[in-house]
Amino acid sequence: MIQDGFLYLGIMIGLAGLIAYIEKSSDSRFFKYVPGIILIYFAGAFLKTIGVLGDSEAVDNTYGTVRDAILPALILLMLLNCDLRKLIKLGPKMLIGYFTAVVSIILGFVVTYLLFKGLYVTDTWQAFGALTGSWTGGSANMAIIQGILDIPENIFGYALVMDTINYSTWVMIMFWLVPFAAVFNRWAKANTSHLDEVSKELVEEEERKQGEKTSFVHLMGLIALGVFGSAVATSIGGMLPSYGDIVSPLTWTIFIVSIAGVMLAMTRVSNIPGSMDIANVFLYIVIALIASRADFSDFWQAPIYIFTGFIILAIHGLIMALAAKVFKLDLFTLGVSSLANIGGMASAPLLAGAYHRALIPIGVVMALAGSFLGTYFGLLTAQLLSFL
């Protein structure tokens with residue numbers, strides 16, 4: 001049983017690195033359906049369940065210190081790519097599609113929680129808040145909310161199971177609908193000409209960034225920026241008042257680095273290559289640390305969570321279809337808006353590319369907008385569910 005803090009940290013980072021290497025170097029289709037983050041979680045939870053990872057003050061201190069230091073740095077670096085001015089250029093229909101997706105997802109969680117509350121374990125509202133963060137942003141947002149709400153790792157595991165099975169099924173449905181775009185657009189009476197000009201501009205900018213090579217100076221500067229920003233935001237956040245379970249020093253810290261990240265995204269700092277790579281490294285480490293506190297013994301209740309996850313997605317899909325008819329939204333706008341929330345960076349650009357390669361950057365911009373806002377939508381949902 002491992003009780004030394006430094007050895008514990010080394011094992012969890014090593015586990016994350018090993019799975020990341022296997023995921024990126026493998027040609028297996030397995031990783032298209034089961035992301036590396038999920039494997040890291042289950043591997044870490046397995047080590048905890050069989051007793052390899054023990055409980056000690058040294059381990060607890062290492063977990064809390066490292067997680068709270070990396071989370072703000074992760075969100076700051078991730079948001080360097082999120083220039084919200086580009087989202088505005090997409091026009092009102094894309095914004096309508098995006099925020100309709102957000103509202104429908106939150107409403108789906110609220111309605112489903114009311115219907116099945118008696119079947120869930122205690123404090124499931126926290127896990128649903130974290131999952132909303134993922135389904136309106138991405139895995140990083142879910143990890144951030146887990147830290148803010150201090151969600152028990154076992155309950156958090158249910159959210160991760162839903163984030164794998166329900167999410168994968170929804171992505172498959174969105175891709176399956178692509179060939180029916182023309183039929184759907186006629187039904188909704190949609191016009192897609194507004195996307196052409198924006199997609200051309202985004203493609204040119206993306207090609208310019210891809211031509212730049214990441215250097216030692218880039219990596220060192222980004223790590224320095226992330227850690228320094230995390231330290232300053234943590235210090236300021238610790239001096240601000242707390243309100244209940246939602247607004248804590250970590251909440252303030254995340255809010256501060258989020259604002260800083262969005263502001264820096266509109267400067268030359270956003271042109272530095274490598275920020276998303278470092279952010280993903282931090283994300284994998286955070287997920288590994290969270291997994292090390294989980295236990296598989298309570299996973300027997302997972303089926304009810306998976307079942308209700310499909311109900312949440314059904315509510316989301318129904319509201320999106322109604323919005324398409326009312327606002328004359330095309331299937332591309334609907335699909336990318338949905339996956340920019342539920343799928344994030346892993347799926348929205350791919351779905352956009354399935355319609356046309358020139359539209360890929362639009363999927364990127366939409367997903368990045370979700371990465372900024374997802375944390376706050378998740379916390380809002382958690383607050384709503386806590387009242388029920």
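**Close-up 1. The largest nonpolar core of the predicted model comprises 102 residues.** Within this core, the residues with the most contacts are Tyr8, Tyr41, Phe128, Trp135, Phe156 and Leu289. Helix H14, which spans residues 275-291, gives the most to this core, contributing 12 residues.

**Close-up 2. Surroundings of Leu289, one of the residues with the most contacts inside the largest nonpolar core.** When residues up to four places away in sequence are not counted, Leu289 touches Tyr8, Leu9, Met12, Tyr63, Val66 and Arg67. Among these partners, Tyr8 is itself listed with the residues that have the most contacts inside the largest core.

**Close-up 3. Gln146, a residue of helix H8 (residues 139-149), and its contacts.** Gln146 has a relative accessible area of 0% and is therefore buried. The side chain of Gln146 reaches the backbone oxygen of Ile151 at 2.9 Å. Once neighbours within four places in sequence are left aside, the residues in contact with Gln146 are Tyr63, Arg67, Ile151, Glu153, Phe156 and Ile290.

**Close-up 4. A nonpolar surface patch of about 520 Å², made by Met172, Ile173, Trp176, Phe180 and Val183.** Helix H9, formed by residues 153-176, gives the most to the nonpolar patch, with 3 residues. Ile173, one of the residues making the patch, has its place in helix H9. Because its relative accessibility is 32%, Ile173 counts as partly exposed.

Terms used
Residues are numbered from 1 along each chain as its sequence is written. This is a predicted model: local features need pLDDT of at least 70, side-chain atom pairs count only at pLDDT 80 or more; totals for chains, interfaces and linings use all residues. Side-chain values use heavy atoms; hydrogens and water are left out. Patches are made of residues with over 30% relative accessible area and no salt bridge: like charges are joined within 9 Å, nonpolar side chains (Val, Leu, Ile, Met, Phe, Trp, Tyr) within 5 Å. Accessible areas come from the Shrake-Rupley method with a 1.4 Å probe; for residues, only the protein chains shown count as cover. A salt bridge is a side-chain nitrogen of Lys or Arg within 4 Å of a carboxyl oxygen of Asp or Glu. Helices (H or I, at least four residues) and strands (E, at least two) are DSSP runs, numbered from the N terminus. Buried means under 20% relative accessible area, exposed over 50%, partly exposed in between (1.4 Å probe, protein chains only). A polar contact is a pair of N or O atoms within 3.5 Å; within protein, one must be able to donate a hydrogen and the other to accept it, and residues adjacent in sequence count only if both atoms are side-chain atoms. Contact means heavy atoms within 4.5 Å. A nonpolar core is a set of buried Ala, Val, Leu, Ile, Met, Phe, Trp, Tyr and Cys residues joined through side-chain atoms within 4.5 Å.
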